[in-house]
Amino acid sequence: MFEDLSSKLENAFKSVTGQARLSDINVAETVREIRRALLDADVNYEVARSITSKVKEKALGQGVVASVTPGQQFTKIVYDELAWVLGEEKEEITFSDKPPTVILIAGLQGSGKTTFSAKLAKWLKEQGKTPMLAAADVYRPAAVDQLKTLGGQIDIPVYAIKEKDAGRVATEAVAEAKKNARDVLIIDTAGRMHVDEYMMNEVADIKKSVNATEVLFVVDSMTGQDAVNTAKEFNEQIDFDGVVLTKLDGDTRGGAAISIKTVVNKSIKFISTGEDMDSISPFYPDRMAQRILGMGDVVSLVERAQQQYDEVQARKLQSKISSDTFNLEDFYGQLQQVKKMGSMKDLVGMIPGMSKQLGDTEIDDESLKPIEAVINSMTIEERRRPQLINGSRRKRIAKGSGTSVKEVNDLLKQFNQMKKMMKTMTKMNKMGRAMEGLKNMTGQQKIN
Amino acid sequence: MGLLDKLGFGKKEEKLQEGLEKTRTGFLDKMGKALVGKDKVDDEVLDDLEEILITSDVGVKTTLEVIRRIENRVARDRFISSSELQKILKEEITGLLKEHEPDRPAEFEAELKQKPHVILVVGVNGVGKTTTIGKLSNMYKLAGKRVMLGAGDTFRAGAVEQLKIWSERADVPLIQQGHGADPAAVAYDTVASAKSRGADVVLVDTAGRLHNRKALMAELGKIKRVMGKVVDGAPHEVLLVLDASTGQNALQQALAFTEVVDVTGLALTKLDGTAKGGIVIGISHEMSVPVKYIGVGEKIEDLQVFDRARFVQALFEKTVAGSS
Ligand SMILES: Nc1nc2c(ncn2[C@@H]2O[C@H](COP(=O)(O)OP(=O)(O)OP(=O)(O)O)[C@@H](O)[C@H]2O)c(=O)[nH]1
Ligand SMILES: Nc1nc2c(ncn2[C@@H]2O[C@H](COP(=O)(O)OP(=O)(O)OP(=O)(O)O)[C@@H](O)[C@H]2O)c(=O)[nH]1
Ligand SMILES: [Mg+2]
Ligand SMILES: [Mg+2]
């Protein structure tokens, strides 16, 4: 449905060829595309406007980097801006030096507070803490049941009372935690609308009465334009310390993250990526920026490729391909390059459309192992002249590498396909595309 | 809204209006003035209109569509009065929203063709499915229908207990097999009991699931299919619940759920906040599916039959967080 911004930009630039500077191209149109992409990603209207004006400023007059297309360069400017807005690095939660550390969880209805409270407890427990949960949602039907069930699953005590008094649950839970030497108390509260004065006062009062160490605002990552209103209001009422972005296992772009960060300037501390108790992780601004742009990481692929890739080697490779002498030895060398650049999964994720194409297939560094093993079992002669590899050699290689003849056959077949493909690629210094070919190959390896 | 008024729910109408008091910088008046006697819309006015629609989550595509339509109308008709222009603007947007279908009425007292009339409720996590079922069962019950509920969310912690409390509040029977049971078996069971006990309306809850989860979506397809084995044509309605605060992703949700279970109507919840839920305009238009209900709170009576004109009017009313 949504086109990747990077491919949109590539298209926008297609009509203008041979330009030397970004200012030569139609910046206005490009900026419009970017703005639209941000709005499609649910970045707030005002926020999107301010981002695009900054991007425009930066782009104008910037010299073109020879090895990347203007589209890629523009994407990088937008990406840098988003990553900058989202914050430099992940921020941890604060622990009190006088236990228990009290963590108050608040947010709109259905955002994922209760689930997150339990996950956080489990996460902290795994780090050696002794957390306890408090069920301070006294309104939603079966809210206490829900938290108690989750507490049971992760083996963490849940403090609850019969009376419908959220303030009391919270304060009593603090005392209970102290008594039982629990060093972290996580208080789950009812979902509430930011415009509901009574409920907003309630949570503000709880914050005060328990002297919360850390207040986390839980937001559904699918939230649209209204994210700015809710974040602003919650921030005014409870001055939260961090944001939790939930349901990122969906396919939402998550532009709300940008909106919230911009209006309240509080860091996003955790993300939640599923209903199970282990789907919790710290927040990485760069990944989020990539996600919002829907671009995979063209940018860092370009950057890393430039860093790692030796120009000389690149030229050698290019001439080898055009003269049709690219062989398995070169391929093996390329594999090592890829490995140097990062894990396979990361690399696949960095190529737009690639992860989608592969669907649920897991690509990990493990999938490279059989390929390496096969190549390792060949003689130097065989690597240089793969056409030598006949039936009996295949058998020997399979045996030596602990694979099957079929696997050896597949590798050779795919190598030939790849070679053909590479030959047709005109611009071989575009490392990105070569990578793509490689990725296609290992991807198929796993699927077959 | 006749029935709601009769039942003393007129208050709710006020509740929605309360939040709508602050007008969006008098946009409609401004637009009127800027346009009188002209045959072209000022850029400034279009910018304002764009901002209002985008910040209501209408989305870029639908916003451009609305603007195109307004421009066409202005070029063709040439306006004489600002009130006429306002009317046309609202008309154009309202026109994008599909009307309720007569064979699946949204009014609770209306006669239903099938007996039992089976409604499957679906949606992503936490949007308000279970709560909406609670509210709907109450409405149907108050309208004199015999209602039955099925606890098809056997996955989420506390889900069955939650629906059980709603069934007690509305005083309607609940069919359940507890946590961990096969949801399709629960659905089958519910529809079968409803048939044998002569219920008029059956509402079956399902676990929240993200639309990109293939296996979970397939499970939903199965839940739907087994219902049809008990009662012809069941489910007669598949209600997709959308959260008004959701942005553009709601469109993906609608597309994916429709593909698997053929959504027949939408329920838009949590309109008691400041979110406008504008995404339903594009969804209703593109997928030709009506919005049937809106949720305006957490209480059992906080449900209204969707009214297109009022919804569109609300887009032009500004609510500022914190101001009351
Ligand atoms: N797919 C997915 N579902 C989630 C995630 N976090 C929570 N959920 C689900 O979202 C729904 C709502 O989660 P809850 O934890 O009950 O949300 P809440 O904020 O406590 O809700 P209220 O207490 O009613 O305001 C449940 O179905 C959860 O299983 C997530 O990261 N991914
Ligand atoms: N303010 C407000 N809250 C609502 C509305 N509808 C539902 N809620 C609240 O939203 C939260 C989630 O509602 P549920 O009915 O549990 O949502 P669900 O879709 O069944 O959730 P899962 O089964 O976990 O996927 C609860 O706290 C409800 O009270 C509404 O119209 N307005
Ligand atoms: Mg909760
Ligand atoms: Mg539910």
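Which domains does the domain assignment of chain B give? In this predicted model, the assignment divides chain B into domain 1, covering 8-96, and domain 2, covering 117-305. The contact between them draws 13 residues from domain 1 of chain B and 14 residues from domain 2 of chain B. On the side of domain 1 of chain B that touches domain 2 of chain B, the elements giving two or more residues are helix 2 (10-19), helix 5 (60-77) and helix 6 (82-96) of chain B. Helix 2 of chain B contributes the most to this side, with three residues. By class, the residues on this side of domain 1 of chain B comprise six nonpolar, three polar and four charged.

The surroundings of ligand 2 were examined next. Ligand 2 is surrounded by 27 residues, and the closest are Gln109(A), Gly128(B), Thr131(B), Gly208(B) and Gly295(B). Because the residues around ligand 2 come from chains A and B, the site is shared between chains. Helix 7 of chain B (residues 129-142) gives the most to the shell, with three residues. The shell around ligand 2 consists of 13 polar, eight charged and six nonpolar residues.

Helix 13 of chain B spans residues 308-315, and its residues Arg308(B), Phe311(B), Val312(B), Ala314(B) and Leu315(B) are buried. Viewed down the axis of helix 13 of chain B, the buried residues fall within an arc of 155 degrees, and therefore line one face of the helix. In general, an α-helix has 3.6 residues a turn, so residues three or four places apart point the same way.

Key. Residues numbered from 1 in each chain as written. Chains lettered and ligands numbered in written order. Predicted model: local features only at pLDDT ≥ 70, side-chain atom pairs only at ≥ 80, totals over all residues. Buried ≥ 20, exposed ≤ 12 C-beta atoms within 10 Å, placed from the backbone. Helix = DSSP H or I, 4+ residues; strand = E, 2+ residues; numbered from the N terminus. Arc of directions from axis to C-beta. Domains from an automatic or database assignment. Contact = placed C-beta atoms within 7 Å. Nonpolar A, V, L, I, M, F, W, Y, C, P; charged D, E, K, R; others polar. Near = placed C-beta within 6 Å.
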